[in-house]
Amino acid sequence: MNRLFVTYRVLALVVGVLLLVGTLSAVLKYGLSEGSSLQTLGERLDLVWLVHGWIYIVYVVVAFVLTQKARWSLPQFGLMMIAGLIPGLIFWVEARVAARLREQHPELVRA
Amino acid sequence: MRGSTTVRGSTTVRGSATVRGSATGCGSTGVTGWTTGAPRTLEGVTSAFAPRLLAAHAAMLVSVSAATGLGVWQYDAYQARKQAERIDLTQETPRPLTDLMGSDDPFPGADVGRPVDVRGTWVPTGTVFVSGREHDGVDGFWVVTPVAVGGEGRPAVPVVRGWVPTVADAPPAPSGEVDLVGSLQPTEGTGETDPNPDDDVIPQVRIADLIQHVDQDLYSAYVVDDTPSAGLVKADLAALPDSGRFTGLRNFLYAIEWWLFGLFALYIWGRFVRDETREPDDLGDGTATPSGPAPDDHPVPSNA
């Protein structure tokens, strides 16, 4: 498998999972009454936002390089970028990107 | 006008913007820019000010200012949070020192900078000067006199009574009963040795040095007096509470993230505009190449 393609997929997965954990932490933190153990857990989990932010930067750069290589339009890149910010969306976008790449640029999928 | 000859069917421009006699292509390409330098063709070249690029410019301006603004906001939050946490603890209601720690207890780390109420008796004979203490950029000394907490002979806590520029400026040590409010600080100890153990000047507020000057046990803390007596300036706190350092750091990292995004948006925009305005490499294959000019197709200056 192509290294760039694999990097993109792994980063998309990590960003997607972190985003879900972050959303869960926000729900626990703000949705539950102050001081309960689950609410405290939510507050602790808050940390993933920091990790998400930094990995997201790497994800965006890799996604950009990938769209450049595939000669995709800027809106396509925009979709990949936004996918890292809306919980759950990235899994669908990643599958779509993989399918499109296999179809249009098999050379970018295989090594 | 040498530059106005037609080459390969397209109009060359030099010095001033000119348009072809036939109107094709004029509307979409525009004639802004390209007025200097080597002869250039207008065909297929998009001006950096073309309407369809305006959206890209606007998007760039919006995202760069948003990212910069959000970064500044996070940076301010980082500053404010650090400040707030410090003030929070140092402005708490004073608590009796004996409630927070006993004379044999280790320093309570969560109480750095907390105001404490110290009642006891001055131990004037234990007065020392701590060297190398700055106040407003001036090097000077802290004047430290222990207070026997709870009465004479009992374990004592060193109290920084204030700051003086020279040892000779220090007022005489007080004696008798005292009830003071000050900030609780952990004792220092970086291993710096007292170069002259026989005098009353020590390099640090360290128990091992202070113990030489008193006859009783010492608390593993010292107190900076909030209201120094006449002739003394309130000493600056050496150790401020750092409970908020991590939370502050998070905001700081967010700020950097936002600024990085701003830079990235700028880069994407630059690339996009460059790609859009670049001249086609091969004029021959573009659709913009005209079928060929009529012999009488002379260029006309645009202002004619």
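## Salt bridges in chain A

Glu94(A) counts as buried, at 13% relative accessibility. The model is a predicted one, and in it Glu94(A) forms a salt bridge with Arg9(A), whose closest N and O atoms are 2.5 Å apart. The pair links distant parts of the chain: Arg9(A) lies in helix α1 of chain A and Glu94(A) in helix α5 of chain A, 85 residues apart.

## Salt bridges in chain B

Over all chains, a search of the whole structure finds nine salt bridges. One of them joins Arg206(B) to Asp209(B), with the closest N and O atoms 3.3 Å apart. Both partners fall in the buried class: Arg206(B) has a relative accessible area of 17%, and Asp209(B) is at 9% relative accessibility.

A further salt bridge brings together the side chains of Arg274(B) and Asp275(B), at 3.6 Å from N to O. Here Asp275(B) is partly exposed, with a relative accessible area of 34%, and Arg274(B) is likewise partly exposed at 46% relative accessibility. Elsewhere, Glu92(B), Asp111(B) and Arg114(B) are joined into one network by salt bridges that share partners.

## Nonpolar cores

The largest nonpolar core has 29 residues, of which Tyr8(A), Tyr59(A), Met80(A), Val97(A) and Leu101(A) touch the most other members. At least two residues of this core come from each of α1 (3–31), α3 (48–69), α4 (74–83), α5 (89–104) and α6 (106–109) of chain A, and from α5 (245–277) of chain B. The element that gives the most to this core is α3(A), with eight residues.

Neighbours within four places in sequence aside, Tyr59(A) is in contact with Tyr8(A), Leu11(A), Ala12(A), Val15(A), Met80(A), Ala83(A) and Ile90(A). Another core, of 17 residues, lies apart from the largest one and includes Trp163(B), Leu210(B), Leu218(B) and Tyr222(B).

## Nonpolar surface patch

Leu13(A), Val17(A), Leu20(A) and Phe91(A) make a nonpolar surface patch of about 330 Å². Helix α1(A) gives the most to this patch, with three residues. Leu13(A) has its place in that helix, α1 of chain A.

## Chain B: composition and strand pairing

The secondary structure of chain B comprises five helices and 13 strands. Of the 304 residues in chain B, 38% are buried. Among contacts in chain B with a separation of 6 or more, 66% are between residues 24 or more positions apart. The accessible surface of chain B is about 16,500 Å², and carbon and sulfur atoms account for 56% of that surface.

Strand β7 (residues 128–135) of chain B runs antiparallel to strand β8 (residues 138–149) of chain B, and six bridges join the two. Val128(B) has Val144(B) as its bridge partner in β8(B). The hairpin of β7(B) and β8(B) has two residues between the strands, and in this hairpin Asp136(B) takes a positive phi near 55 degrees. β7(B) is also joined by two bridges to strand β11 (residues 201–202) of chain B, and these strands run parallel. The bridge partner of Val130(B) in β11(B) is Ile202(B).

Definitions and conventions:
Residues numbered from 1 in each chain as written. Chains lettered and ligands numbered in written order. Predicted model: local features only at pLDDT ≥ 70, side-chain atom pairs only at ≥ 80, totals over all residues. Heavy atoms only, no water. Core = buried A, V, L, I, M, F, W, Y, C linked by side-chain atoms within 4.5 Å. Buried < 20%, exposed > 50% of the residue type's maximum accessible area, 1.4 Å probe, protein only. Helix = DSSP H or I, 4+ residues; strand = E, 2+ residues; numbered from the N terminus. Contact = heavy atoms within 4.5 Å. Patch = residues over 30% accessible without salt bridge, like charges linked within 9 Å, V, L, I, M, F, W, Y side chains within 5 Å. Areas by Shrake-Rupley, 256 points an atom, 1.4 Å probe, with all protein chains shown as cover. Salt bridge = Lys/Arg side-chain N within 4 Å of Asp/Glu carboxyl O. Pairing = 2+ DSSP bridges.
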